[in-house]
Amino acid sequence: MERPTVAFSAPGKVLLAGGYLVLDRNFTGLVCGLDARIHVHVRTLQTSPGLTLSEIIVRSPQFRDAEWRYGYRETEEDGGIEVTQLKGHSTAKKSQNKFVETALAYALTYASAVDHTKIGPTSITILADTDYYSHSGSSGNDALGTDDHFLNFNVALHEAHKTGLGSSAALVTALTTAVVAHYAPREVIDVSSDHEKARIHNLAQAAHCAAQGKVGSGFDIAAAVHGSCIYKRFSPSILEGLGEIGSKAFSTRLKEIVEDRNPTKKWDVNIDKKLARVVPRGLRLVMCDVDCGSETVGMVKKVLSWRKSHPEESTLLWETLQRGNEDLATELQKLSSKSASTPDDYENIRTVILTIRSLIREMSSKSGVPIEPLVQTRLIDACCEVPGVVGGVVPGAGGFDAMALLVEDREDVVDALRKFVESYRVEAEEGGGVSIGKVRLLGVKQEDQGVRREDSRYYQKWLR
Ligand SMILES: Nc1ncnc2c1ncn2[C@@H]1O[C@H](COP(=O)(O)OP(=O)(O)OP(=O)(O)O)[C@@H](O)[C@H]1O
Ligand SMILES: C[C@@](O)(CCOP(=O)(O)O)CC(=O)O
């Protein structure tokens, strides 16, 4: 049977408010989807006549040596489809790709469980929008379908500095969607219905957690699937007990989880889309890269351990921050319902952001984690002096990831801000031991749409 050639893309994210809080179901996160997307194209692998090849080849052609070849096999006792990276190509640590490998195995297992489909050889191509990585090149932002939409980064994937836009979540979401759509086309048509979205969300969360080796809050997968939202996490127990690929009845358990059929593990995630747009008309969200990047896992551990050892103090802080975050959502929503806004309308947003930031700095100093490091405090404050800049935060886990700024949506404002940050110099003593790199505005802005089908003809130049 000829299987369809398909392509899907999923967006990156920025957690504007709710970092650390969103790990706890009693709190929420204000999540904004971005127009930087990761695209995955899947087609049947063409082999020479008479030759059958049981291989799935995954390439990320914007990077050097980014090719992973997998063999696949159906395991015994309903354990799912196991994939094994093939030799012949270097399987050294750096050339493994845990996110690709796990998402592939989960998607194949689900597709073959629902469609009883026999897995055949495919060629998978991953293409990422420019701003996921700090790089010195230009271009890469032309319209999709033009030759220059995607950039050749000319480095190995592990050498590319991440900007913190959630590449792994966008990748896992687009990859699982495209692989299921290729092998089980009745299950995924165009992921526009809530029903399809919920299944893809559940599958991508399971695969992403397995690849990461931990259960995070999952807000990045929620953004990749649903786009901008107010996010309340799922109970981690839903994914506990799923086990490993190859373990007895893994395939049945995965199908139950994806289809939400296990009465003792009902999905309790809440994706609130009441803010039709998180960033209202008249404002634009821009990101400012500091070419540095943070080590999220260590930071989370430290903050949570402070929280545990200071239960009363931290609960008060968490609750005050949650109120600030809700106020921000309310102010943004008020503006969204207005047909036109004037600069005066942004005063409340300005004030709420300042309050949130001061509470975050309290969290920072008490836990000893540089969530909003001094060097970034100074940079955000300086940016806020540029006319038309309303406010800014170090989003998510904070600490040296790209900063998010809300600005009036006018080219003159963005141009002035771009010039300002490009000429910004950090004094050596400002960094407190850590220095940020070259400061520059990324080309991204908010976009509310989650995972979507793309025209598979767009990618010709990059297919081999
Ligand atoms: N273009 C790509 N092609 C193939 N794999 C990719 C690509 N981009 C990212 N990945 C995978 O995602 C991993 C990076 O994920 P990680 O969660 O560390 O960063 P992130 O999601 O971009 O950042 P953050 O979680 O801070 O927002 C890479 O090591 C690689 O496995
Ligand atoms: C600290 C945390 O709340 C946010 C991490 O956000 P980011 O990956 O830094 O954008 C962790 C999580 O939600 O999984």
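The shell around ligand 2 is made up of eight nonpolar residues, six polar ones and one charged one; here Ala, Val, Leu, Ile, Met, Phe, Trp, Tyr, Cys and Pro count as nonpolar, Asp, Glu, Lys and Arg as charged, and the others, Gly among them, as polar. Of the 15 residues around this ligand, the nearest are G19, G216, S217, G396 and A397, where being near means that a C-beta atom, placed from the backbone, lies within 6 Å of the molecule. Ligand 2 lies between domain 1 (6-274 + 451-462) and domain 2 (283-441), because both give residues to its shell; the domain bounds come from an automatic or database domain assignment.

This is a predicted model, in which local features need pLDDT of at least 70 and side-chain atom pairs count only at pLDDT 80 or more, while totals for chains, interfaces and linings use all residues. Residues are numbered from 1 along each chain as its sequence is written, with chains lettered from A and ligands numbered from 1 in the order in which they are written.

Now turn to ligand 1. S60, A128, G164, S167 and S168 come nearest among the 17 residues around it. Two or more residues each come from α1 (98-115), β6 (122-128) and α2 (167-183), helices (H or I, at least four residues) and strands (E, at least two) being DSSP runs numbered from the N terminus. The largest share, four residues, belongs to α2.

Finally, look at the loop between β3 (56-59) and β4 (67-74), where D65 is found. D65 has a positive phi of about 50° although it is not a glycine.
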